Amino acid sequence: MSTPYPFTALVGQDDLRLALLLNAVSPAVGGVLVRGEKGTAKSTAVRALSALLPEVDVVPGCRFSCAPGAPDPQCPDGPHEAGPGTHRAARMVELPVGASEDRLVGALDIERALAEGVKAFEPGLLADAHRGILYVDEVNLLHDHLVDLLLDAAAMGASYVEREGVSVRHAARFLLVGTMNPEEGELRPQLLDRFGLTVEVAASREPEQRVQVVRRRLAYDDDPEGFAAGWAGEEAGVRERIAAARALLPRVRLGDGALLRIAATCAAFEVDGMRADIVMARTATALAAWAGRTEVLAQDVRRAALLALPHRRRRNPFDAPGLDEDKLDETLDEFGPDEPDDDPEPDGPEGGPEDGGPDGGGGGVPPQGGPEREGPEQQGPEREEPEPGDASPDAPEEPAGAPAGGGREQRAVSAGEPFRTKMLSVPGLGDGAAGRRSRARTEHGRTTGAVRPRGALTKLHLAATVQAAAPHQRARGRSGAGLVVRRDDLRQATREGREGNLVLFVVDASGSMAARQRMGAVKGAVLSLLLDAYQRRDKVGLVTFRGTGAEVALPPTSSVDTAAARLERLPTGGRTPLAAGLLTAHEVLRVERLRDPARRPLMVVVTDGRATGGPEPVKLAGRAAGLHAAAGTASVVVDCETGLVRLGLAGQLAGQLGGSAVTLEELRADAIAGLVKDVQGTNQTRRRAA
């Protein structure tokens with residue numbers, strides 16, 4: 001087994017280390033979600049924490065890690081007799097992104113359950129993680145139903161496995177840590193709320209600190225054992241402090257004043273539900289215990305709010321997590337008198353804030369050898385809001401041959417207010433990843449039939465199994481009331497649900513679209529469709545065309561908020577190279593079909609249908625559209641043409657694509673009710689004609 005990187009050797013990342021330590025002191029806090037860019041020691045910190053957790057006593061031979069002094073009365077390996085236990089280190093179990101439901105919660109042998117009446121249960125990762133750490137890297141890439149199962153088990157402290165009336169339950173209490181890169185997609189707000197604390201991490205911009213990170217990492221890679229031995233004293237100190245804080249935790253008093261501040265803070269920031277209040281109370285209590293105090297102070301409440309509330313402030317997928325610290329301070333001052341910073345010396349292990357407690361920056365971790373992290377607030381350049389009116393006459397001419405050239409570039413226009421859109425779907429029955437858009441064969445959904453299982457049986461079709469076994473009962477010598485079932489009788493249920501698709505937006509950003517009011521409405525429509533794609537678990541991509549060419553503004557990704565940011569910055573101007581946009585989209589879809597053949601695409605072309613620039617632009621656009629029709633790409637053209645006189649060019653383009661056209665007004669959910677049928681019907685007619 002490789003030597004983990006020492007926790008106390010981590011440089012910076014103070015909030016991350018503190019959040020992990022608080023959960024080690026009080027697992028009831030509810031885990032940590034670590035958000036940040038790649039290469040910021042997220043995984044390293046979690047693995048390092050496992051070495052600091054105290055050892056656990058377990059019943060010998062129990063696959064579910066029952067404690068000898070208080071074994072689980074419903075343990076599948078029980079009942080356990082009283083006796084001495086064995087010591088082992090707390091486990092850190094990793095849940096891979098591609099894990100199945102059975103790998104997570106455990107597998108029940110349906111064949112033995114039906115034929116022999118035996119509950120043959122193979123524990124999953126939730127059982128392995130009991131009384132340890134369950135680490136989920138890239139938790140935002142897990143299927144939603146797996147995240148639901150994971151968070152349900154974390155909240156209830158138990159896992160339930162049910163298959164066709166056969167039920168198994170076992171204890172599953174663990175410290176849940178998830179990491180994610182927001183660029184690869186966000187978690188739903190409902191799932192974000194289930195994590196107790198959230199921490200944003202980013203690489204330091206201080207050269208001295210970056211040098212310190214590199215030196216320590218190189219030293220560790222050269223000699224892991226020797227490097228870890230050099231930090232053994234600091235590691236032992238933190239390990240003892242965790243144990244002392246755990247012992248002190250039941251004696252920590254959460255007074256009425258502190259509880260009032262917690263409730264007032266949650267109310268002031270308008271968080272949904274009561275989970276935030278409960279998590280803040282547990283976090284503030286853990287902070288006091290970590291500092292060696294038996295009383296929760298205002299500073300504990302403030303620090304708890306900074307860890308527990310930012311991710312609960314999001315109102316839509318495009319909101320960035322965050323908390324207004326000035327408002328937080330005003331709320332705390334209003335509902336409680338200021339408390340002195342020079343608290344009396346705590347009666348627990350090591351010092352309070354002065355020695356690295358909650359306000360000491362390191363969460364009580366021994367001071368590091370490098371310079372202290374100043375933690376300046378990271379801010380980008382101030383953004384200039386576009387003013388109402390026409391585009392600036394001083395906008396520079398674009399260079400010849402530039403992808404977005406061909407005319408004067410106008411400043412980006414802000415998107416209009418998003419709205420609820422009609423559902424656009426891909427016709428037919430797919431086999432893609434679970435989602436909420438198009439019909440597909442899935443593991444979850446309504447049962448539509450039964451087939452012979454290929455490999456392990458996962459979803460039993462009970463009626464079909466009984467029907468297959470019934471004619472053979474006399475030949476099999478059945479004498480009792482039970483049904484004699486053989487493996488050949490088992491039938492796998494086929495189910496139909498919904499899949500996520502690849503929604504590729506092809507947006508006309510040419511001069512014909514450049515009127516500010518018009519482009520604002522177009523961006524609002526695309527933003528609305530992006531929000532719809534987020535809710536339906538789609539991947540999205542963005543192709544724009546203007547001037548003399550087209551560009552892939554955003555390759556297909558699960559990060560819908562990144563697409564929204566790119567859309568917001570999209571400039572307009574120049575000619576309308578419609579053919580270039582369609583050909584670029586065709587190439588993007590060709591590559592994606594090779595990468596993920598099960599994910600079906602839906603192309604949404606946002607244009608007024610005009611094609612200008614170059615020789616025979618209309619003819620070239622028709623040929624490019626024919627490529628998509630030949631490939632069977634489901635397409636929708638959002639007609640952005642306005643005015644009393646309309647040429648209907650977008651409708652003609654939709655016909656060439658073999659798709660359907662819809663105006664901006666018809667795109668709204670409260671407009672024409674037959675939009676989905678129109679989209680599907682047009683594509684089905686095209687396929688029958690082919």
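Mentor: We can start with the rings: the count comes to four aromatic pairs. Rings of Phe, Tyr and Trp (its six-membered ring) pair if their centres lie within 6.5 Å; planes under 30 degrees apart count as stacked, over 60 as edge-to-face and the rest as tilted. This is a predicted model, in which local features need pLDDT of at least 70, side-chain atom pairs count only at pLDDT 80 or more, and totals for chains, interfaces and linings use all residues. Residues are numbered from 1 along each chain as its sequence is written, and side-chain values use heavy atoms, with hydrogens and water left out.

Trainee: Why is the pair of Tyr 5 and Phe 227 called tilted?

Mentor: The ring centres of Tyr 5 and Phe 227 are 5.4 Å apart and the planes meet at 35°, so the pair is tilted. Tyr 5 lies in the segment before helix H1 (14–25) and Phe 227 in helix H9 (residues 224–230), so the pair ties together parts that are 222 residues apart in sequence. Helices here are DSSP runs (H or I, at least four residues) and strands are too (E, at least two), numbered from the N terminus.

Trainee: What makes the pair of Tyr 220 and Phe 227 edge-to-face?

Mentor: The planes of Tyr 220 and Phe 227 stand at 75°, with the centres 6.0 Å apart, so the pair is edge-to-face. Ring pairs link Tyr 5, Tyr 220, Phe 227 and Trp 231 into a cluster.

Trainee: Why does Phe 227 count as buried?

Mentor: Buried means under 20% relative accessible area, exposed over 50%, partly exposed in between (1.4 Å probe, protein chains only). Phe 227 has 12% relative accessibility, so Phe 227 counts as buried. Tyr 5 is buried at 9%, and Tyr 220 is buried at 10%.

Trainee: How do you know that Arg 241 sits over the ring of Trp 290?

Mentor: The rule asks for NZ of Lys or CZ of Arg within 6 Å of the ring centre and within 35 degrees of the ring normal. The charged end of Arg 241 is 4.1 Å from the centre of the Trp 290 ring and sits over that ring. Lys 327 lies over the face of Phe 269, at 5.0 Å from the ring centre.
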